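Please keep the sequence and the model in view while reading.

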Amino acid sequence: MSEVDVVAGRVLVTGGTGSWGHELCKQLLTHADIDEIIILSRNEHKQVEMQREFDNPKLTFVIGDVRDKESLKKAMYGVDYVFHLAALKHVPVCEQNSWQSVETNIIGTHNVVMCAIDCHVKYVVDVSTDKAVEPHNIYGITKACGEKLITNAQHNYKSNTKFVCIRGGNVMGTNGSVLPLFKKQISQFNKVTVTDPNMTRFLMSTKEAINLIFEAVKIAKGGETFVMRMPAISVEQIAKTMIQKYGNKNTVIDVIGARPAEKMHEVLVSRSEIPRTYELNERYFVIIPEYGEERFSDILKSSKKTELTEFSSHNAPVLTNEVFLKQIEKEDWS
Ligand SMILES: NC(=O)c1ccc[n+]([C@@H]2O[C@H](COP(=O)([O-])OP(=O)(O)OC[C@H]3O[C@@H](n4cnc5c(N)ncnc54)[C@H](OP(=O)(O)O)[C@@H]3O)[C@@H](O)[C@H]2O)c1
């Protein structure tokens with residue numbers, strides 16, 4: 001069974017027109033047991049573009065807003081799986097529009113939970129971020145609240161729905177990612193602007209990001225948070241590798257200083273979560289919730305409690321230049 005085969009029937013993807021949504025739909029559509037994928041988002045233009053790009057009768061596009069419970073519920077009737085991707089995710093935008101990020105990332109996630117219970121959905125997977133761990137900015141804070149709403153839902157409500165979270169690092173080439181920005185800066189100005197060269201970030205490919213979702217569905221009992229043991233890289237190394245690939249001997253690195261609310265290093269598993277963190281295999285960690293340990297007896301028996309003290313981009317395996325270059329070559333950021 002391939003990873004994608006764990007999902008079947010009718011699927012709702014909130015925020016399905018975004019970067020993760022495109023890759024998720026692409027992978028889901030390779031699987032014959034998918035009857036329908038409903039994409040809920042606000043912007044009609046992005047939906048029309050995606051419809052033309054995919055040209056697949058299994059995709060249904062619904063204009064809706066996760067803040068609006070009614071539109072969400074209508075889209076969720078008869079759905080087996082919900083992948084909750086809709087979010088405001090740009091750190092500076094969220095800082096400047098703090099309440100808007102609360103409305104989308106917190107109220108929107110609460111609405112997803114409530115509608116999923118009412119509609120008897122089998123699984124809800126919430127896509128979260130390393131920025132939700134020990135958060136320094138409102139984006140991270142709202143995503144941390146979203147995580148809690150999802151994992152607590154398993155405990156707080158009597159329902160058959162399984163609620164799970166996955167946490168990703170930076171996904172290469174997604175909307176707003178630094179990699180397409182660097183590529184553009186090199187071609188337009190022959191320079192890249194870096195905040196702080198010593199800053200480190202987790203990096204994963206879109207394929208790895210989607211595999212993490214499927215891995216979570218395959219194993220989840222409900223209430224867990226799944227994390228990939230992904231490598232990290234310094235911002236300086238990202239810039240140097242991008243210059244090696246797209247620049248020339250005159251390309252310069254312009255250091256502009258960290259932006260407000262930015263961290264030097266990101267954390268995927270915090271010190272306080274470590275006592276509840278198990279190594280499922282070489283690739284994945286699972287953090288079990290603070291309650292109901294007995295439900296996870298399979299994981300407790302078959303997996304090793306991690307010996308790390310935290311999993312941070314500072315102590316993670318380093319993404320080598322060679323592997324990073326290969327990944328850049330596979331991506332299309334035009
Ligand atoms: N990209 C990364 O590196 C990364 C890393 C870790 C986690 N994540 C998480 O992964 C998820 C997807 O990220 P992405 O990179 O795919 O983002 P993206 O490309 O910006 O896509 C966001 C999607 O959400 C939709 N959306 C925004 N507000 C909405 C609302 N109120 N109601 C319904 N839909 C709404 C957008 O469409 P409209 O604007 O048309 O509504 C779009 O389809 C997010 O939850 C993000 O926090 C991303």
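Q: How are α9 and α11 oriented to each other?
A: This is a predicted model. The axes of α9 and α11 cross at roughly 55 degrees and come within 10 Å. An angle from 65 to 115 degrees would count as roughly perpendicular, and one under 35 degrees as roughly parallel. The two helices α9 and α11 are therefore oblique.

Q: Which residues of α11 meet α9?
A: Two packed helices are described by the angle and the distance between their axes. The crossing of α9 and α11 is right-handed. On the side of α9, the residues in contact are Q237, I238, T241, M242, Q244, K245 and Y246. Their partners in α11 are N321, F324, L325, I328 and E329.

Q: Why do the buried residues of α11 lie on the same side of the helix?
A: Helix α11 spans residues 321-330, and its buried residues are F324, L325, Q327 and I328. These residues lie on the same side of α11 because around the axis they cover an arc of only 160 degrees.

Q: Which exposed residues does α11 carry on the face turned away from its buried side?
A: The buried residues of α11 are covered by elements that include α7 (178-189), β9 (200-204), α8 (206-219), β11 (232-234) and α9 (235-246). The face turned away from that buried side carries the exposed residues E322, K326 and K330.

Q: How many residues apart in sequence are E36 and R10?
A: Side chains of opposite charge can pair when their charged atoms come close. E36 and R10 form a salt bridge, with 2.8 Å from N to O. E36 belongs to strand β2 (residues 34-41) and R10 to strand β1 (residues 9-14), so the pair ties together parts separated in sequence by 26 residues.

Q: Is E290 buried or exposed?
A: The side chain of E290 meets that of K148 in a salt bridge of 3.2 Å, N to O. This pair links distant parts of the chain, 142 residues apart, with K148 in helix α6 (residues 138-156) and E290 in the loop between β15 (284-287) and α10 (297-302). K148 has a relative accessible area of 40% and is partly exposed. E290 has 56% relative accessibility, so E290 counts as exposed.

Key
Residues are numbered from 1 along each chain as its sequence is written. This is a predicted model: local features need pLDDT of at least 70, side-chain atom pairs count only at pLDDT 80 or more; totals for chains, interfaces and linings use all residues. Side-chain values use heavy atoms; hydrogens and water are left out. Buried means under 20% relative accessible area, exposed over 50%, partly exposed in between (1.4 Å probe, protein chains only). Helices (H or I, at least four residues) and strands (E, at least two) are DSSP runs, numbered from the N terminus. The arc is that of the directions from the helix axis to the C-beta atoms. Contact means heavy atoms within 4.5 Å. A salt bridge is a side-chain nitrogen of Lys or Arg within 4 Å of a carboxyl oxygen of Asp or Glu. Axes are lines fitted to C-alpha atoms, for helices over the stretch in contact, and angles run from 0 to 180 degrees between N-to-C directions. Angles under 35 degrees count as roughly parallel, over 145 as roughly antiparallel, 65 to 115 as roughly perpendicular and the rest as oblique. A crossing is left-handed if the near helix is turned anticlockwise from the far one by less than a right angle, and right-handed if clockwise.
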